[in-house]
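User: I would like the labels used for this model set against their cut-offs. Please take them one at a time.

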Amino acid sequence: MSAEPSVASSSTPATQHKKTTRGGTRHFTEGGPVKKDGIQQAKTEGKELTKEEKQRLRKEKKQQKKSKEKKDEKASQESEKEKKPVSSASPASQPPTQPITPKAPSAVPTLVPVPASETPAPADKPAKSKAEMKAERRARQEAERASKQGKKGEVGQQAAPGKPKAPPSELQPVVKRLPEHVQVDNPEVLKKLAKKLERQQIPLRSDYGYKVSLFSHLHQYSRKAPLTQQLSIPSTVIHPAIVRLGLQYSQGIVAGSNARSVALLHAFKQVIRDYTTPPNEELSRDLPNQFNFLNQCRPLSASMGNAIKYIKKEISNIPSQCKEEEAKSKLLNCIDRYIDEKINLAAKAIAKSSIEKISDGDVILVYGCSSLVNHILCEAFEKNRKFRVIVVDSRPRLEGREALRRLVQRGISCTYVLISAVSYILPEVSKVFLGAHALLANGYVMSRVGTSQIALVAKAFNVPVLVCCETYKFCERVQTDSFVSNELDDPDDLIVTRKGKTQLEHWQEVPSLGLLNLVYDVTPPDFVDLVITDLGMIPCTSVPVVLRVKNVDQ
Amino acid sequence: IKKDHLVEYFRAQMMKDPDMASAVAAIRTLLEFLKRDKGETILGLRESLTWATDCLTGVDSSVAVSSGGELFLRFISLTSLEHQDLSRCKKVMEERGELFLEKISMSRTKVAKLCHTFIKDGAKILTHSYSRVVLRVMEKAAAEKKRFSVYVTESQPDSAGRQMAEALRKLNVPVTVVLDAAVGYVLEKVDLVIVGAEGVVESGGIINKIGTYQMALCSKAHNKPFYVVAESFKFVRLYPLNQQDVPDKFKYKADTLKTVQNLSEEHPMIDYTPPSLITLLFTDLGVLTPSAVSDELIKLYL
């Protein structure tokens with residue numbers, strides 16, 4: 001194994017990668033991009049490539065590709081389309097390998113259809129030929145893979161992922177690969193992630209405490225060990241605004257899906273402002289690093305995923321001959337407009353529709369603290385509707401207290417109960433207003449844990465349940481239970497001191513005891529009567545229609 | 001064109017063809033209004049059409065009239081109105097209006113064609129009050145030489161069920177009139193329930209003569225299929241959460257709304273049946289499940 005990356009001399013990377021002895025588990029079942037193989041070779045000792053070397057590598061690859069390229073491609077979109085399934089496929093099938101920085105690593109949850117990579121416009125021509133080569137190699141390696149199919153046995157090791165736009169030239173089964181953060185109990189995936197993060201100089205956060213077996217596939221972090229304590233993160237790798245944001249997320253200072261998305265967008269505006277494009281590179285190459293870091297601090301939410309997708313799309317839409325200053329200001333404007341349209345104006349539209357549903361004499365039940373629901377209630381109160389509110393709260397977050405504070409400040413008469421009393425007060429209630437973290441493609445509502453319980457009891461009492469959700473939180477994921485994908489919060493939050501005694505203080509010493517602090521749960525559409533969005537009032541089963549209309553628009 | 005002329009024309013249309021849906025009469029009136037209108041701008045035209053629809057709703061407060069009017073307006077404006085000459089634009093709109101009218105006159109036939117196959121030979125059907133669409137479906141089924149018998153509820157307070165029974169007897173279909181209170185009693189004998197609708201709402205539920213909700217609940221309890229037949233111009237942009245949420249202007253007859261002071265003493269003429277109780281909806285757009293109605297509405301209105 002050469003100590004120096006001898007990539008310059010790699011004329012047949014396709015054959016070379018097969019010969020390298022790095023790890024017996026290498027399966028190039030998917031044609032990894034040729035670019036990758038060269039770097040693969042270079043990384044045999046796990047050495048870091050300096051930026052110049054990376055750049056040089058890329059240039060080499062581009063030249064090689066150009067010489068093999070014939071076809072014209074129509075738009076950079078298509079090549080990105082090709083790249084998306086390709087690049088996300090490759091990490092899945094090569095456990096010990098690390099995708100290169102430009103390709104978004106598998107850690108970025110593909111639950112939200114984030115494009116796997118956004119190689120910039122200049123890479124168009126090489127990208128297309130890469131796809132061609134990949135197609136050939138795939139056909140070759142398909143046979144290989146079939147024989148080794150049983151060996152893996154992991155769900156994650158599958159063929160090209162089921163992105164909305166499948167590779168056109170392929171007839172392979174389109175199956176989504178599982179994102180890393182729901183495969184925590186799979187040591188292979190963890191090893192892969194660790195190596196990838198190490199290469200990007202992002203610290204890997206370790207799990208804390210005994211995990212309940214049903215949820216052992218999820219991460220469980222402790223708030224007392226924030227990511228930044230472990231290592232100092234050089235600012236060349238992660239922008240300080242992102243570091244600050246990550247800390248705010250992990251410590252719970254910024255909480256709530258709208259708040260997190262807005263904070264993310266503002267932080268990215270800062271990053272864009274401070275970014276200076278190195279020659280022959282673009283902003284999109286560094287983005288995956290930032291997202292990985294944020295993901296380590298706290299898993300990205302569906303709304304954040306959609307926002308990120310939008311940013312990446314806007315970045316890729318900038319023509320390559322655009323001057324840096326102009327491009328930057330354009331991007332900043334796009335982000336501002338996104339926040340304005342999708343969050344602020346949407347809230348106004350939703351409030352306008354909801355006021356029709358609030359009549360005088362209503363008793364409205366709300367759960368936890370949803371910024372949108374609070375906004376609606378305050379607006380309705382301004383318009384002189386006479387109603388009173390029952391705020392239901394639950395441990396350990398006790399977010400209802402914040403909602404209570406905001407509503408009482410406006411002068412709305414409120415009652416405060418804990419969730420254990422919900423079946424007691426429901427006979428008094430005329431409507432239930434719930435916020436949502438995300439709306440899934442099969443009509444399920446993902447929201448704070450406890451929401452589905454409230455919806456269930458409300459249904460039993462025949463009380464209408466209304467969910468208020470902006471369209472940017474609609475996601476193409478499908479989930480029917482709260483187990484497959486969720487978030488585990490710090491288990492120490494469940495420890496409480498009463499009358500000077502802390503019963504669960506030494507819970508770690510009891511081997512059979514696990515503390516479970518779930519963050520989200522899913523509510524089936526049968527329990528939800530109406531969803532109020534900025535597009536109007538729709539039944540819960542019409543979410544895929546909205547997604548379809550949105551896709552057509554884009 | 002004055003309000004009185006409008007109302008007169010509308011009433012004349014209704015009397016001319018009692019078999020026609022009131023919404024169709026309303027649309028004919030609106031088309032006539034459009035032809036006679038002397039507006040100068042397209043926006044003015046739209047506004048006057050909306051005003052005309054409101055007038056007609058004042059005469060006949062059924063949901064279908066308001067939904068039909070709105071759909072008419074949307075349909076005729078759904079074309080490129082970029083012509084320089086206003087009269088040419090108006091002509092285009094009039095042509096579209098005639099096309100719309102033609103389409104909806106065919107809608108009952110389309111519905112009947114779709115639905116009659118669900119009536120099997122020897123079936124016992126339960127229906128509610130007097131619905132011309134249901135009548136047309138049964139005509140078609142009888143024409144296909146199917147033997148079936150029908151139970152009709154009396155449907156107080158206007159005994160419209162008896163009118164339905166008369167019409168069915170003319171088709172030589174064996175029919176029995178039952179009390180509204182006897183729905184639960186009769187349901188074990190029937191195979192399926194077919195009702196019409198005055199309006200189909202966004203959630204996929206329907207607004208129909210009072211007593212429909214009860215019938216739907218009983219059929220759900222008995223696990224009998226509950227079918228609704230409705231034309232597509234009855235799709236309306238309402239989303240009631242429960243009975244209380246239906247606007248008052250639809251619940252009572254137009255005359256009642258104008259004359260009576262205290263509405264809480266009046267009995268509502270319609271009720272709302274939620275989508276969970278409905279098995280299928282037969283419309284001229286096809287056979288839909290209640291969740292597909294929202295999809296169709298989005299296509300119609302957006």
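This is a predicted model: local features need pLDDT of at least 70, side-chain atom pairs count only at pLDDT 80 or more; totals for chains, interfaces and linings use all residues.

User: What makes up the secondary structure of chain A?
Analyst: Chain A has 17 helices and twelve strands. Helices (H or I, at least four residues) and strands (E, at least two) are DSSP runs, numbered from the N terminus. Of the 554 residues in chain A, 58% are buried. Among contacts in chain A between residues at least 6 apart in sequence, 79% join residues at least 24 apart.

User: Why is A:Gln479 called buried?
Analyst: Buried means under 20% relative accessible area, exposed means over 50%, and partly exposed lies in between (1.4 Å probe, protein chains only). A:Gln479 has 2%, so the residue is buried. A:Gln479 sits in the loop between β7 (465-468) and β8 (497-498) of chain A.

User: What does A:Gln479 touch, leaving aside its neighbours within four places in sequence?
Analyst: Contact means heavy atoms within 4.5 Å. With those neighbours left aside, A:Gln479 is in contact with A:Leu440, A:Asn442, A:Tyr444, A:Met446, A:Val484, A:Ser485 and A:Val522.

User: Which side chain makes a polar contact with the side chain of A:Gln479?
Analyst: That of A:Arg477, at 2.8 Å. A polar contact is a pair of N or O atoms within 3.5 Å; within protein, one must be able to donate a hydrogen and the other to accept it, and residues adjacent in sequence count only if both atoms are side-chain atoms. The 2.8 Å of this pair falls within the 3.5 Å limit.

User: How do you know that A:Arg223 and A:Asp489 form a salt bridge?
Analyst: A salt bridge is a side-chain nitrogen of Lys or Arg within 4 Å of a carboxyl oxygen of Asp or Glu. In this pair the closest N and O atoms are 3.2 Å apart, so the pair qualifies. A:Arg223 lies in the loop between α6 (187-199) and α7 (227-230) of chain A, and A:Asp489 in the loop between β7 and β8, so the bridge ties together parts 266 residues apart in sequence.

User: Are A:Arg223 and A:Asp489 buried or partly exposed?
Analyst: A:Arg223 has 25% relative accessibility, so the residue counts as partly exposed. A:Asp489 has 11%, so the residue is buried.

User: What else meets A:Arg223 in a salt bridge?
Analyst: The side chain of A:Asp493 does, at 3.2 Å from N to O. This pair links distant parts of the chain, 270 residues apart. A:Asp493 is partly exposed, at 24%. A network of salt bridges links A:Arg223, A:Arg397, A:Glu399, A:Arg448, A:Asp489 and A:Asp493. Over all chains, the whole structure has 31 salt bridges.

User: What area is buried between chain A and chain B?
Analyst: About 1100 Å², with 57% given by carbon and sulfur atoms. Buried area is the accessible area (1.4 Å probe) that two parts lose on being put together, summed over both. Here 13 residues of chain A are in contact with twelve residues of chain B.

User: How many salt bridges join chain A and chain B?
Analyst: Two. A:Lys357 forms a salt bridge with B:Asp245, with the closest N and O atoms 3.1 Å apart.

User: What makes B:Glu166 and B:Arg169 about one helical turn apart?
Analyst: They are three residues apart in helix α7 (residues 160-170) of chain B, which means a separation of about one turn. B:Glu166 is partly exposed at 42%, and B:Arg169 is partly exposed at 42%.

User: Why are the buried residues of α7(B) placed on the same side?
Analyst: The buried residues are B:Ala160, B:Gly161, B:Met164, B:Ala165, B:Ala167 and B:Leu168. They cover an arc of only 165° around the axis, so they lie on the same side of α7(B). The arc is that of the directions from the helix axis to the C-beta atoms. What covers these residues includes β1 (123-128) and α6 (132-143) of chain B.

How values were computed: Residues are numbered from 1 along each chain as its sequence is written. Chains are lettered from A and ligands numbered from 1 in the order in which they are written. Side-chain values use heavy atoms; hydrogens and water are left out.
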